[in-house]
Amino acid sequence: EFWVTRAFENEAYNTGEKYGVSGYWPEAAGAFGQAATELEGSAKQMALYKRLIAISQTGKRNATLRAANDLLTAFPKTYYFGPTHELRARVYGQLGKIPEAVAALKNVTEAPGMNVRDYFSAKYLSTWFSKTLGANSLEKWQAAEKAYQALLRELEGHPRKQLAQVP
């Protein structure tokens with residue numbers, strides 16, 4: 001995470017942080033939304049991302065998708081590009097919209113210059129959605145295993161694999 005001084009100078013942003021730490025997600029989302037209207041540049045970007053996270057914690061799926069779209073519209077190349085699309089994919093998965101989930105992750109895996117961590121995280125989740133989820137036969141489980149083995153080979157062969165430790 002990066003730190004933006006302007007965000008921490010903003011009263012609404014700090015209120016959002018206090019609500020978030022206490023688990024008051026709707027209040028945190030509102031405060032971060034207010035901060036986003038008052039801030040500019042990377043500070044606004046950070047407020048929009050924190051708003052997205054707070055809304056996602058409320059379990060309101062459509063509101064989460066709208067908040068993700070708000071961030072991506074305001075900052076198409078946001079620092080939080082990978083995590084935002086991954087969150088979108090998870091929400092689409094919860095809604096049973098698997099093609100939309102895979103498409104959200106494709107935004108990450110096909111983005112030029114994507115960092116290794118987000119690339120492999122999206123690639124793993126995409127494999128899970130497209131191969132593991134719904135695997136109900138030996139053939140489908142074998143295809144899933146083959147896809148994961150290919151993913152591991154790709155990771156092992158990547159010159160910056162140490163940056164993708166979590167995925």
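A: In the contact between α2 and α3, the α2 side consists of Ala12, Tyr13, Thr15, Gly16, Glu17, Tyr19 and Gly20, and the α3 side of Trp25, Glu27, Ala28, Ala31, Phe32, Gln34, Ala35 and Glu38; contact means heavy atoms within 4.5 Å. By class, 8 of these residues are nonpolar, 4 polar and 3 charged. Here Ala, Val, Leu, Ile, Met, Phe, Trp, Tyr, Cys and Pro count as nonpolar, Asp, Glu, Lys and Arg as charged, and the others, Gly among them, as polar.

The model is predicted: local features need pLDDT of at least 70, side-chain atom pairs count only at pLDDT 80 or more, and totals for chains, interfaces and linings use all residues. Residues are numbered from 1 along each chain as its sequence is written, and side-chain values use heavy atoms, with hydrogens and water left out.

Helix α2 covers residues 11-22 and helix α3 residues 25-38; their axes come within 7 Å and cross at roughly 160 degrees. Axes are lines fitted to C-alpha atoms, for helices over the stretch in contact, and angles run from 0 to 180 degrees between N-to-C directions. The two helices are therefore roughly antiparallel, a term for angles over 145 degrees, while angles under 35 count as roughly parallel, 65 to 115 as roughly perpendicular and the rest as oblique. The crossing of α2 and α3 is left-handed, meaning that the near helix is turned anticlockwise from the far one by less than a right angle.

A nonpolar core is a set of buried Ala, Val, Leu, Ile, Met, Phe, Trp, Tyr and Cys residues joined through side-chain atoms within 4.5 Å, and buried means under 20% relative accessible area, exposed over 50%, partly exposed in between (1.4 Å probe, protein chains only).

Arginine 6 lies in helix α1 (residues 5-8) and is exposed, at 57% relative accessible area. Its C-alpha atom is 5.9 Å from that of alanine 43, 37 residues apart along the chain.

Leu71 and Leu72 both touch threonine 78, as does Gln45, not counting residues up to four places away. Threonine 78 sits in the loop between α5 (61-74) and α6 (81-94) and is buried, with 5% relative accessibility.

For the whole protein, there are 9 helices and 0 strands; helices (H or I, at least four residues) and strands (E, at least two) are DSSP runs, numbered from the N terminus. Of the 167 residues, 42% are buried.
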